[in-house]
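These are notes for a colleague who is opening this model without having seen it before. The points below can be read in order with the structure alongside.

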Amino acid sequence: MSDSGKARSDSYRQLKTRLDAKRLKRDEPLAQYTTFRIGGPADLFYDATSTEDLGIEYFVLGLGANILVGDRGFRGLIIRNTSSHLKFFDDGRLWVESGAVMAKLIPQAVERSWSGLEHYVGIPSTVGGAVWQNLHFLSPAPERERTMFIAEIFKSAELLTHDGRRETVDRDYMQFGYDTSTLHKQRDIALAVTFQLDPGDKAVMHRIMQENLSWRGGKHPWLEYHPSAGSIFKKIEGVGAGRLIDQVGLKGFRQGDAQISHIHANIMVNLGKATAKDVRDLITIAQNKVAERFNQHLEVEIGFIGEF
């Protein structure tokens with residue numbers, strides 16, 4: 001056995017003594033856990049069903065959106081965070097563990113007539129992912145006059161800090177920005193989040209959800225048929241990354257089984273058997289074409305995980 005193979009076996013034996021061995025897997029293919037449906041195996045993979053499972057060294061995987069996993073997989077432990085306990089309070093506070101899926105959480109808030117989450121319907125994310133990237137969407141139709149951020153309803157979070165402490169932090173600590181938060185800058189992990197919701201009219205909230213789902217459906221490829229990781233490049237103020245890619249004639253351009261979407265040029269889709277290399281090559285092609293014609297640099301927004 002190689003040194004690396006022995007190290008992985010030793011890690012596996014050690015983790016089995018600390019975690020529920022029935023939920024710890026070896027060489028688990030990661031493509032099935034990402035919205036891109038791309039990626040090689042993780043040496044070790046574990047389903048965390050409570051925040052108590054999260055106090056070890058790992059990479060945390062939520063719904064697997066906004067990431068590209070390398071074809072050679074991930075050396076180490078991947079924990080899929082499925083912890084999803086929650087509690088609604090009479091004053092509009094919602095405490096929820098970070099593995100809860102937004103698509104399941106939003107209807108529960110609406111049913112209780114608490115408003116604030118309905119704007120983010122249709123965006124694939126866990127609660128942890130939502131605060132990690134400061135989830136956002138346009139304000140309600142017909143005006144759609146501004147961008148709304150999850151930071152607006154964020155009250156506090158319970159974090160596992162990079163040095164192993166549990167700490168409750170406020171909005172200022174999170175340093176929310178466009179597609180970012182302090183969680184990008186250091187290895188703090190959100191264990192649970194408290195949102196402050198407002199009383200709302202159920203009929204209005206259902207209208208907003210229907211309009212937002214319709215709007216997204218017309219502008220974004222459906223994940224069920226064309227897996228993707230969402231927007232590939234960061235927003236360029238005033239012009240838009242997708243518009244630049246469209247203007248250089250790359251909408252629909254294909255590299256292997258990775259394709260720049262016909263619907264939205266800032267989204268790349270997996271036509272069935274795309275590899276991480278296909279996507280990386282397509283990213284480079286788009287960056288070079290836009291730089292040559294417009295002297296603009298397309299900065300990648302998604303995270304690259306593992307070995308390529």
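Predicted model: local features only at pLDDT ≥ 70, side-chain atom pairs only at ≥ 80, totals over all residues.

1. Residues are numbered from 1 along each chain as its sequence is written, and side-chain values use heavy atoms, with hydrogens and water left out.

2. Strand S2 (residues 41-48) and S1 pair in the antiparallel sense over 5 bridges. Strands are DSSP runs of E with at least two residues, helices are runs of H or I with at least four, and both are numbered from the N terminus; two strands pair if DSSP finds at least two bridges between them. An open sheet of 4 strands has the order S1-S2-S5-S3, with mixed pairing. Its edge strands, each pairing on one side only, are strand S1 (24-29) and strand S3 (59-61). From one strand to the next the twist averages 40°, with axes being lines fitted to C-alpha atoms and angles running from 0 to 180 degrees between N-to-C directions.

3. Is strand S13 (residues 189-196) enclosed or open? It is largely enclosed by the rest of the structure, because 6 of its 8 residues are buried. Buried means under 20% relative accessible area, exposed over 50%, and partly exposed in between, with a 1.4 Å probe and protein chains only.

4. S13 has antiparallel partners. Strand S7 (residues 93-97) pairs with S13 over 5 bridges in the antiparallel sense, and Val 96 stands opposite Val 193 in S13. Strand S11 (residues 154-160) also pairs with S13 in the antiparallel sense, over 6 bridges; here Leu 159 has Ala 190 as its bridge partner.

5. Helix H2 (residues 102-111) has Met 102, Leu 105, Ile 106, Ala 109 and Val 110 buried. They cover an arc of only 130° around the axis, so they lie on the same side of H2; the arc is that of the directions from the helix axis to the C-beta atoms. Ala 103, Lys 104 and Glu 111 are exposed on the other side of H2. Among the elements that the buried residues of H2 pack against are S7 and helix H5 (202-219), where contact means heavy atoms within 4.5 Å.

6. The largest nonpolar core has 37 residues, and those with the most contacts inside it include Met 102 and Phe 195. Such a core is a set of buried Ala, Val, Leu, Ile, Met, Phe, Trp, Tyr and Cys residues joined through side-chain atoms within 4.5 Å. H2 gives the most to this core, with 5 residues. A second, separate core of 26 residues includes Ile 232, Leu 244, Ala 274 and Val 290.

7. Helix H7 (residues 276-294) has 19 residues, which at 1.5 Å a residue should span 27 Å, and its end C-alpha atoms are 27 Å apart, in agreement. The expected span is 1.5 Å times one less than the number of residues. Among the buried residues of H7 are Leu 282, Ile 283 and Val 290. Lys 277 and Glu 292 are exposed on the face of H7 turned away from its buried side. After H7 comes Asn 295, with a positive phi near 55°.
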